[in-house]
Amino acid sequence: MTKKNNNNNNEEEEFVSFGHNLNTKIRFEDADEDEVAEGSGFEAAQDESMCEAGESTDAAQVTDDTTSADYYFDSYSHFGKIPFCFIFSKEMLKDVVRTKTYQNVIYQNKFLIKDKIVLDVGAGTGILSLFCAKAGAKHVYAVECSQMADMAKEIVKANGFSDVITVLKGKIEEIELPTPKVDVIISEWMGYFLLFENMLDSVLYARNKWLVDGGIVLPDKASLFLTAIEDSEYKEDKIEFWNSVYGFDMSCIKKKAMMEPLVDTVDQNQIVTDSKLLKTMDISKMSSGDASFTAPFKLVAQRNDYIHALVAYFDVSFTMCHKLLGFSTGPRSRATHWKQTVMYLEDVLTICEGETITGSMSVSYNKKNPRDVDIKLSYSLNGQHSKVSRTQHYKMR
């Protein structure tokens, strides 16, 4: 179930902070309303670039040890008679904020692409490869691990780019490119909570192995942010429901539900505090281990209210462009398929304007399945009406 989103879709420019440059101006690309199609409502976290493999897991066999890979491989095989990768690729393409930004980055900055060898990591339908080919790329290698690679080959042929785009089916870590180096790496690697499904490691692997000295990565910056919201109605429905179910105590399920962040669209009117930058990642320079981090935060209340959850979202930017381009997945920006990540708190915080929630967030990939993300959240409020200090653990899977 998705909350109503009252975002102002006409706003094209905002200011976001990127740590080292707190006044960076970034243009958020928009499109006409009639370009936006309704989403399918799928809440499962899937990425078009992942590979179909492994054994499927029956819904009745799901246990505490079930990871996103179990759900992923099962759902990726078939959804009815239509492979899930086809359905999800459609939803990705219909995300106008995402797709239109990449298109504008490429078409408005052809100097980055023209006569260059491009590697598209996790190519999916090949849409980014097609953009690059149309912008004059010398050659594009589109690497896709799922069965969508077969469709991408047909799409490339149907559009007359077979001589420019080579589709390679397989994992980026296992394939061999017909060229020793590439000039540009482009990828839409971001998952829910930015890092879910860990496709970032594949981009970094490709960068280390094939990118020429002085080559570029698109996008090259990503920043994770945190804010706090009032969400009594939804928390009551999702979490507190388990306290008494037809008169029976099912609170053991409540504990599990609390540990799983909710991916949903947050109404900007629910926001109670300011937003704080947790982490900025420089994709052109960072190492794989940098994606695991611990960051402090201090959220300042902007009104008297209650706080039921903390919300994470991310911004992405292409700093190599002639004019800085990017987009935000925040609740005050136009909705994307990434939505926001909501982490419900055990406590209901009563906060007054000007009071602060302080704490830290630790993020790391799960040791059993590196596609999953483990989150440790510590928070404290020493306010007029609430005095709380607690640590909670969440699992994105």
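Mean pLDDT for the protein chain is 83, and 77% of its residues reach 70 or more. Keep in mind that this is a predicted model. Two stretches need caution.

Let's go to helix α3. That is residues 96-107, twelve residues in total. From first C-alpha to last, α3 reaches 16 Å, close to the 16 Å expected at 1.5 Å a residue. How is α3 placed relative to the rest of the structure? Ten of its twelve residues are buried, so α3 is largely enclosed by the rest of the structure. Among the buried ones are V96, V97, T99, Y102 and I106. R98 and Q103 are on that buried list too. Now look at the start of the helix. There, a side-chain oxygen of D95 comes to within 3.3 Å of the backbone nitrogen of V97.

Stay with R98, and move on to salt bridges. The count for the structure is ten. In one of them, R98 pairs with E188, and the closest N and O atoms are 2.9 Å apart. R98 sits in helix α3 and E188 in the loop between β6 and α6, so the pair ties together parts that are 90 residues apart in sequence. Are these two partners buried or exposed? E188 has a relative accessible area of 4%, so it is buried. R98 is at 2%, so R98 is buried as well.

Next pair: E260 and R397. Their side chains meet in a salt bridge at 3.3 Å, N to O. E260 is in the loop between α8 (251-259) and β9 (262-264), and R397 is in the segment after β17 (387-396), so this bridge ties together parts that are 137 residues apart in sequence.

Then D347 and R390. The closest N and O atoms of this salt bridge are 2.6 Å apart. This pair also links distant parts of the chain: D347 is in strand β14 and R390 in strand β17, 43 residues apart. D347 is buried, with a relative accessible area of 14%. R390, at 31%, counts as partly exposed. There is also a network. K235, E240 and K254 are joined by salt bridges that share partners.

On to the aromatics. The structure holds seven aromatic pairs. Take F241 and W242. Their ring centres are 4.9 Å apart and their planes are at 75 degrees, so the pair is edge-to-face. Why that label? Planes over 60 degrees apart count as edge-to-face. F241 counts as partly exposed, at 40% relative accessibility. W242 counts as partly exposed at 23%.

Now compare F327 and W338. Here the centres are 5.5 Å apart and the planes are at 15 degrees, so this pair is stacked. F327 is in strand β13, and W338 is in the loop between β13 and β14, eleven residues apart, so to speak of the pair is to speak of distant parts of the chain being linked. Both residues, F327 and W338, are buried. F314 joins the picture here: ring pairs link F314, F327 and W338 into a cluster.

K339 is found in the loop between β13 (325-328) and β14 (340-351). K339 is not a glycine, yet its phi is positive, about 55 degrees. K339 counts as buried, at 14% relative accessibility.

A second residue to check is F193. Phi of F193 is near 60 degrees, a positive value in a residue other than glycine. Where is F193 found? In the loop between β6 (182-187) and α6 (200-210). E188, the partner of R98, lies in the loop between β6 and α6 as well. F193 is buried, with a relative accessible area of 2%.

One last backbone feature. L218 and P219 are joined by a cis peptide bond, with omega about -5 degrees. P219 is in the loop between β7 (211-218) and β8 (221-229).

Definitions and conventions: Residues numbered from 1 in each chain as written. Predicted model: local features only at pLDDT ≥ 70, side-chain atom pairs only at ≥ 80, totals over all residues. Heavy atoms only, no water. Helix = DSSP H or I, 4+ residues; strand = E, 2+ residues; numbered from the N terminus. Buried < 20%, exposed > 50% of the residue type's maximum accessible area, 1.4 Å probe, protein only. Expected span 1.5 Å × (residues − 1). Polar contact = N/O pair within 3.5 Å; in protein donor to acceptor, adjacent residues only side chain to side chain. pLDDT = per-residue confidence, 0-100. Phe/Tyr/Trp six-rings, centres within 6.5 Å; stacked < 30°, edge-to-face > 60°. Salt bridge = Lys/Arg side-chain N within 4 Å of Asp/Glu carboxyl O.
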